[in-house]
Amino acid sequence: MKELTTLLTSLENKYIPKEMDSDIYWSNHAEVHYDDKDLGRIVKQSKETILVMRELIKKGFFAPDGDFTILDICCGLPFFLKEVRETWPKCKTYGIDVSTTEFKNFKQFSKGSDIFKFKFQMLFDEHLDKKIDIVTIFNSYRDFNEDLQKSLLKWCQSNCTFFICPESMYASMNSLISDYATPFIAGTSFKLGELNSATIWRMR
């Protein structure tokens with residue numbers, strides 16, 4: 001059992017790029033830049049997620065000043081974490097991905113967050129001393145097979161309180177996610193089932 005920063009630092013130190021990337025998904029995504037369409041999607045997705053996160057504060061789970069911890073898995077260019085920090089400056093924001101500094105403007109978006117470079121599958125054999133308040137994952141799930149989906153959900157069940165994903169993510173997981181979590185707050189700003197619409201799941 002480890003503290004979050006200690007764990008993420010340890011896994012980053014163990015990660016050997018290319019040698020350990022045989023099961024990486026979207027391994028070539030750092031070779032291209034986000035175009036306007038990609039950025040527009042990320043902006044909509046981030047703002048929708050901020051809206052549903054506000055509901056957690058309204059319901060009293062976190063202090064209004066945003067004193068909570070969030071880990072974005074497969075964060076890529078961490079625009080979402082930037083939005084979280086601007087909304088709640090006290091929030092502790094973390095991200096992990098196999099591609100980080102390769103992205104143009106990475107420093108601009110990552111400022112204030114702790115971003116670590118390693119494949120997220122390395123988390124699955126680890127357990128934290130204290131649960132992360134919120135874990136998020138957005139688009140990378142689209143290339144996950146069922147075994148990987150189960151491993152991710154099982155890890156989240158043990159290591160976080162809330163799990164936030166797009167509406168279309170749990171549709172693609174079929175009934176898998178309902179074995180690990182209960183739908184808690186659904187997004188309302190976008191049509192149900194759209195990639196941009198987010199849902200909060202409470203792990204159980």
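Reader: How many helices and how many strands are there in the protein chain?

Author: In this predicted model, the protein chain holds six helices and seven strands. Their order from the N terminus is α-α-β-α-β-α-β-β-α-β-α-β-β. Of the 204 residues, 52% count as buried. Among contacts with a separation of 6 or more, 71% join residues 24 or more positions apart.

Reader: Why is Leu81 called buried?

Author: The relative accessible area of Leu81 is 0%, and buried means under 20%; Leu81 is therefore buried. This residue is found in helix H3. Leaving aside neighbours within four places in sequence, Leu81 is in contact with Ile70, Asp72, Thr93, Tyr94, Gly95, Ser113 and Ile115.

Reader: What makes Lys82 count as buried?

Author: Lys82 has a relative accessible area of 16%. The cut-off for buried is under 20%, so Lys82 is buried. Lys82 also has its place in helix H3, and its contacts, neighbours within four places in sequence left aside, are Gln108 and Phe109.

Reader: Why is Thr87 called partly exposed?

Author: Thr87 has a relative accessible area of 26%. Partly exposed lies between the limits of under 20% for buried and over 50% for exposed, so Thr87 is partly exposed. Thr87 belongs to helix H3, which spans residues 79–87. Not counting residues up to four places away in sequence, Thr87 touches Ile50 and Arg54. Thr87 and Asp65 are 22 residues apart in sequence, and their C-alpha atoms are 9.0 Å apart in space.

Reader: How do you know that H3 is largely enclosed by the rest of the structure?

Author: Seven of the nine residues of H3 are buried, so the helix is largely enclosed by the rest of the structure. The buried residues are Phe79, Phe80, Leu81, Lys82, Glu83, Val84 and Arg85.

Reader: What puts the buried residues of H1 on the same side of the helix?

Author: In helix H1 (residues 4–14), Leu4, Leu7, Leu8 and Leu11 are buried. They cover an arc of only 95° around the axis, and therefore lie on the same side of H1. An α-helix has 3.6 residues a turn, so residues three or four places apart point the same way. The cover over the buried residues of H1 includes strands E1 (69–73), E2 (92–97), E3 (114–117) and E4 (132–137).

Reader: What makes the approach of Glu3 to Thr5 a polar contact?

Author: A side-chain oxygen of Glu3 comes to within 3.2 Å of the backbone nitrogen of Thr5, at the start of H1.

Reader: Which residues have the most contacts inside the largest nonpolar core?

Author: Ile73 and Phe163 have the most contacts inside this core of 35 residues. H1, E1, E2, E4, helix H5 (146–159), strand E5 (160–166) and strand E7 (198–203) each supply at least two residues of the core. H5 gives the most, with five residues. Apart from neighbours within four places in sequence, Ile73 is in contact with Ile96, Phe120, Leu123, Val135, Thr136, Ile137 and Leu152. A second, separate core has 26 residues, including Cys75, Phe103, Phe162 and Ile200.

Reader: Why does Ser151 count as partly exposed?

Author: Ser151 has 31% relative accessibility. This value falls between the limits of under 20% for buried and over 50% for exposed, so Ser151 counts as partly exposed. Ser151 has its place in helix H5. Ser151 and Phe124, 27 residues apart in sequence, are 6.8 Å apart in space, C-alpha to C-alpha.

Reader: What is the value of phi for Cys74?

Author: Phi of Cys74 is near 60°, a positive value in a residue other than glycine. Most residues other than glycine have a negative phi. Cys74 lies in the loop between E1 and H3.

Reader: Which residues line the second largest pocket?

Author: The lining consists of Glu3, Leu4, Thr69, Lys92, Tyr94, Leu128, Asp129, Lys130, Lys131, Ile132 and Asp133. E2 and E4 are the elements that give two or more residues to this lining. The space in the second largest pocket is about 220 Å³.

How values were computed
Residues numbered from 1 in each chain as written. Predicted model: local features only at pLDDT ≥ 70, side-chain atom pairs only at ≥ 80, totals over all residues. Heavy atoms only, no water. Helix = DSSP H or I, 4+ residues; strand = E, 2+ residues; numbered from the N terminus. Buried < 20%, exposed > 50% of the residue type's maximum accessible area, 1.4 Å probe, protein only. Contact = heavy atoms within 4.5 Å. Arc of directions from axis to C-beta. Polar contact = N/O pair within 3.5 Å; in protein donor to acceptor, adjacent residues only side chain to side chain. Core = buried A, V, L, I, M, F, W, Y, C linked by side-chain atoms within 4.5 Å. 1 Å grid on protein atoms, 1.4 Å probe; cavity = no way out; pocket = protein on both sides within 12 Å on 5 of 7 lines; lining within 4 Å. Points joined across faces, edges and corners; volume = space filled by probe spheres on them.
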